[in-house]
Amino acid sequence: MREKDIILTAKVISVLFTPFYLPLVGLLVLFLFSYMGMLFPWSYKLIVLILVYLFTILLPTVMIYAYRRYHGWTLIELGNRKRRMVPYIISMISYYCCVYVMQRLHMPHFMSCIVIAGLMVQILCALVNVWWKISTHMAAIGGVAGALMAFAELFSFNPVWWLSLLFILSGILGSSRLILRQHTLLQVVVGFFLGVFCGMISILFL
């Protein structure tokens, strides 16, 4: 494979595994593979998924895209540490609004906890980013792994196969961030374990 093709593949992987997918994937796994999914009709679960998609993926993606286009930056240029704070603020506001709406609609606490896990990832990554660049992509997929382990403990299901898949995807995603020279190996590893910490703490203790 040519170097140009490798770089293109890495860019596609980075776009597909956007850091914003953590809450949506967490809820999907919970609805599909734990008994909690049987407590609610699919119409209700669909409303929850649409709500989470709108606030945690669509809204921040559109707003950050508009911000990037306004400044004429590419995705790589936006990855500069000093330019990442506004996207962090946009995503944190979007996540907070999602939690607020879910609570106003009296949705079960375990659902909003998943969004809170994503919000915690965004906040800690933003704080770390003040003095050191960290991989938000890896923090997000680490958050999914942490949430999965926490829910496996709470709802007594075997997460091994899903964790194995997540570790493989994490390796692919981390490699793509290194290929694009967006992060060092340490930034990738620290980002992943920060996400695992946020995912577990949010589900088990909040």
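What radius of gyration would a compact globule with 206 residues have, and what does the protein have? After that, which residues have the most contacts inside the largest nonpolar core?

Analyst: This is a predicted model. A compact globule with 206 residues would have a radius of gyration near 17 Å, and the protein has 17 Å, so the two agree. Along the principal axes, the C-alpha atoms fill a box of roughly 50 × 35 × 30 Å. The protein is built from nine helices and zero strands. Of its 206 residues, 52% count as buried.

Now the core. The largest nonpolar core has 63 residues, and those with the most contacts inside it are L27, V48, V52, M102, M111 and F151. Two or more core residues come from each of α2 (22–33), α3 (42–71), α5 (85–104), α6 (109–129), α7 (136–155), α8 (160–179) and α9 (185–205). The largest share, 13 residues, is given by α6.

Leaving aside neighbours within four places in sequence, F151 is in contact with L30, F110, I114, S156, F157 and I203. Contacts that reach across the sequence can also be counted for the whole protein: among those between residues at least 6 apart, 77% join residues at least 24 apart.

How values were computed
Residues numbered from 1 in each chain as written. Predicted model: local features only at pLDDT ≥ 70, side-chain atom pairs only at ≥ 80, totals over all residues. Heavy atoms only, no water. Core = buried A, V, L, I, M, F, W, Y, C linked by side-chain atoms within 4.5 Å. Buried < 20%, exposed > 50% of the residue type's maximum accessible area, 1.4 Å probe, protein only. Helix = DSSP H or I, 4+ residues; strand = E, 2+ residues; numbered from the N terminus. Contact = heavy atoms within 4.5 Å. Rg over C-alpha atoms; globule rule 2.2 N^0.38 Å.
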